[in-house]
Amino acid sequence: MVYLSAMNRLIHHFALLGIFFLHQPIARLHADDYIWIEGEDAVSSTMREHGWYNSVKKTELSGQAWLSHFAPGEMPVAEYRFESPEAGDHELWLRVNTIAAALAIRVNDGVWQPVSFDKKEQHVNIASDGKPDLRFVAWVKAGKVPLRQGVNSLQVRFESKNNRHGGLDCFVLSLERFSPQGNRKPGEKTGLADTGTWAFEPDRDQFSDQALLDLSHLNEKPAGRHGPVARSADGADFVDGAGKPLRFWAVNTTVQYRDDMAAIDEHARWLAKRGVNMVRHHGHLAPGKGMQLTDVNQKDIEAAWRLVAAMKKQGIYVTLSPYWAVSVQPQPSWGLKDAGGDNLTGLLFFDADLQAAYKGWLRALLTQPNPHTGIPLAEDPAVAIVQIQNEDSLLFWTESSIGGEQRRELGRHFARWLVDKYGTLARAAQAWGEQPSVQGDDFDQGIVMPQQIWHLTQSQRGPMEKRLTDQLHFYTELMYDFNHEITRFLKQEIGYAGLVNAGNWRTADQAKLLDAERFAYSACDVVGVNRYYTGGEHSNPGGQDRSGYLVSQGDLFSGESVLKRPWAFPLALRQVRGYPMIVSESAWVPPLRYQTEGPFLVAAYSALTGVDTFYWFSTGEIGFGPPMGKWQLSTPAQIGMFPAAALMFRGGYVKKGNPALVEHRSPEELWSRRPPLLPEEAGFDPNRDTRAPATEAEASRSGSVTLMAYLAGGVEVAFEEGDTQLVDLKPLIRADKKTVRSVTGELLWNYGDGICFLNAPKAQGVTGDLAAAGAVRLGELTVTGRNEYASLLAVSMDGADLDVSKRVLIQVGTTARPYGWKTTSAGGNKRRITSLGGSPWNLEKADIEIQLRNPGLTRATLLDANGLARRQVAVQRTSSGVQLKLPADAMYLILE
């Protein structure tokens with residue numbers, strides 16, 4: 001029997017988050033208020049270990065070990081004994097395996113109680129090889145348990161039907177609210193860092209009023225206090241209900257799927273502090289197995305309710321994206337016509353039964369009162385945008401998956417469209433020159449079978465060319481009409497007052513089809529796209545599909561900074577003139593090494609080109625997360641670089657320039673599939689693409705205007721007759737030096753050396769190869785760095801120019817890798833992952849000096865990741881300002 005008291009090593013100081021009100025005082029837990037016990041410290045146990053199940057990353061476990069079981073037979077039980085200084089109901093948290101697991105607990109002489117995994121967070125794959133099998137741990141909030149003063153016992157029983165498997169790292173009992181922080185005990189810093197790096201181990205944010213960096217004041221609370229978000233007078237930008245311009249710094253989040261409002265409230269507060277004022281709910285309203293087509297996924301609605309309520313309080317708007325055809329499996333009970341596939345891609349644009357059901361789902365989502373706010377989402381001005389659907393189009397390769405009776409139904413729609421245009425199908429064939437034969441045609445029965453999408457990507461001649469011209473016109477008009485009808489339904493029948501976005505997808509041939517896709521979006525208020533930056537290839541030798549959702553040991557990858565691949569820059573976009581433009585999903589995707597450039601470039605070039613909102617994808621963590629997920633945003637290299645970037649973007653510190661190109665195109669040009677002057681590259685999605693990401697030559701093959709124009713200013717398309725306008729690019733683009741200067745003169749991108757400079761009155765900085773750049777002299781800032789890759793921003797915090805500002809934020813980011821991460825050469829520019837490593841994140845040490853010409857600045861304060869002062873940093877006063885050597889572990893500094 002082992003007794004633990006307040007003085008034992010297993011009882012620790014923890015801080016309590018006060019999250020229910022913005023200015024609620026922060027309570028500090030005392031040593032007697034909680035108990036921490038390691039799973040491996042059971043006084044008795046019937047657990048049986050298994051070599052494979054126990055092959056885990058020990059550094060991810062709090063005591064470098066856990067209690068585990070993997071064997072058939074009776075349910076194993078472990079017992080723990082401990083001393084509680086005080087009687088009463090204690091909050092119980094367990095760090096356990098939740099994958100296909102089941103467990104129960106018994107306290108003292110009570111009955112066995114099952115533990116629900118609904119309230120869990122900080123889910124970590126601890127498998128030594130990184131495989132997505134059973135070996136995970138997560139913190140689970142198990143609720144209140146009664147303890148008596150003195151000695152208590154707690155028993156844990158693993159009940160999974162799969163070999164009774166289970167794992168327990170540790171558990172905590174607390175009289176107050178407990179806030180987990182990964183594998184670390186209260187106040188603990190492991191200091192685990194590979195050579196040349198420092199350990200990134202932030203405490204859980206306590207939202208202290210002593211923080212020197214907190215951007216939540218930028219958000220007017222509650223979101224929508226002046227009314228719903230609208231479009232500006234010219235239609236191209238966002239304004240609030242009072243007509244004030246709005247710029248959104250946005251993320252995709254999944255925290256709302258936790259049935260834990262306290263956790264979602266904390267997440268909202270954490271995001272607001274770092275400059276976020278928009279989130280996207282990527283939902284799934286469609287019914288599941290055993291349900292009827294007219295049913296709805298009520299759990300998804302409840303998640304949206306929680307999200308809107310929490311975000312609204314912190315001044316954060318919400319985009320609702322309720323439908324993704326790829327993720328919906330048709331059920332026999334729905335009664336839909338068979339398409340011959342395993343999802344619903346393409347069907348929503350023409351299937352009347354599915355459209356009627358979809359309207360019902362929207363009605364259920366938007367008209368039921370939100371129990372957390374008391375009003376329906378349709379009436380809540382915090383709901384800024386409804387996105388009709390995610391990543392689906394009749395102009396993408398998935399069009400070919402529409403088969404069976406659904407394709408014949410599509411053929412009937414095409415035939416009716418042709419009759420409307422020509423009067424009869426015979427006249428349509430006559431207009432084409434003859435009736436080009438397509439398998440499945442039955443003109444007598446009113447079926448004109450659309451050619452599969454591949455044919456629209458190919459050059460054709462004669463009657464087939466004319467038929468395909470009509471098909472593209474038909475497809476575009478079909479999608480346009482659907483988008484228009486859903487917008488009408490939302491605004492007129494539902495009473496939704498916010499904005500509508502049709503979709504966000506790409507096409508099978510960007511040069512020939514993308515403008516038609518965007519034309520279909522123009523039926524709504526907002527144009528969108530999803531586009532990621534991967535930097536190269538990532539594959540798993542054992543299965544290509546795995547690399548689309550997982551970073552694993554043995555994976556092969558190559559990665560290059562976007563600074564050297566500007567054609568792949570996610571903001572190299574053809575925007576529709578007169579419409580707001582959003583990028584509803586994007587990220588610099590792991591295992592890419594070059595990530596800190598992302599927020600820097602997105603903030604600067606969104607402002608320059610007029611892209612209104614960029615939604616980073618994705619976070620499921622309340623704060624920073626452990627390494628490393630395939631689509632992980634909650635890293636020091638991405639979300640850690642938000643504050644300076646969000647501040648300068650939302651503050652308008654970087655000028656919006658006149659467009660570099662405005663191309664006027666008639667609808668007839670679109671239907672003929674004539675490439676535009678400057679096409680848009682499709683980007684690369686490892687879940688959809690089997691080819692490698694585009695090269696520079698491939699990206700520029702079909703355009704007559706250099707793709708580098710995207711870096712000079714905005715590129716817009718107007719779907720109307722008019723004169724195309726192209727700025728003189730000669731003084732801006734130097735092909736010999738591989739540089740592009742923006743039309744405003746504030747940005748210079750050197751894609752030869754891989755470096756970008758920002759030089760605006762209120763924001764200056766550099767990202768890329770600082771070592772090669774030497775001393776970088778900007779307006780008021782000089783940067784001298786020896787890091788081969790780093791991003792540094794100096795941003796005014798009081799809105800004054802940098803030369804007179806009284807508070808300046810210095811933000812620096814280098815590369816971030818897990819502790820123990822190892823790779824070897826795999827030939828060429830490819831690397832093989834030989835060790836995934838684990839917690840904590842390791843950041844390359846900064847080796848940078850700066851000078852800032854501002855005579856009013858006298859001191860520098862190094863901040864932690866939560867914006868709290870760590871220590872003063874020595875500065876040297878000069879005749880014009882200050883100069884200093886940045887600490888090696890710097891992320892944020894305040895100059896005053």
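Student: How much space lies in the largest pocket?

Tutor: About 1400 Å³ lies in the largest pocket, where a pocket, on a 1 Å grid over the protein atoms alone, is an open set of points where a 1.4 Å probe fits, with protein on both sides within 12 Å along at least five of seven lines. The volume is the space filled by probe spheres set on the points, which are joined across faces, edges and corners. This is a predicted model, in which local features need pLDDT of at least 70 and side-chain atom pairs count only at pLDDT 80 or more, while totals for chains, interfaces and linings use all residues. Residues are numbered from 1 along each chain as its sequence is written, and side-chain values use heavy atoms, with hydrogens and water left out.

Student: Which residues lie nearest the centre of that pocket?

Tutor: Y549, G620, G629, K630 and W631 do, out of 49 lining residues, a lining residue being one with an atom within 4 Å of a point.

Student: And which strand gives the most to the lining?

Tutor: β8 does, with six residues; β8 (120-125), β16 (248-253) and β26 (613-619) each supply at least two, strands here being DSSP runs of E with at least two residues, and helices runs of H or I with at least four, numbered from the N terminus.

Student: Switching to helices, at what angle do α3 and α6 cross?

Tutor: The axes of α3 (residues 352-367) and α6 (residues 462-494) cross at roughly 35 degrees and come within 11 Å, the axes being lines fitted to C-alpha atoms over the stretch in contact, with angles from 0 to 180 degrees between N-to-C directions.

Student: Which residues meet there?

Tutor: On the α3 side they include Y358, L362 and L366, and on the α6 side F482, I486 and F489 are among them, contact meaning heavy atoms within 4.5 Å. The residues of this contact divide into eight nonpolar, two polar and five charged.

Student: Now sheets: what is the strand order in the antiparallel one with β40?

Tutor: The order is β22-β23-β41-β40, in an open sheet of four strands, with strands counted as paired if DSSP finds at least two bridges between them. β22 (538-539) and β40 (822-825) stand at the edges with a single partner strand each, so one side of each is left without a neighbour in the sheet.

Student: How many bridges join β40 to β41?

Tutor: Four bridges join β40 to β41 (residues 831-835), and T823 stands opposite I833 in β41.

Conventions
Ala, Val, Leu, Ile, Met, Phe, Trp, Tyr, Cys and Pro count as nonpolar, Asp, Glu, Lys and Arg as charged, and the others, Gly among them, as polar.
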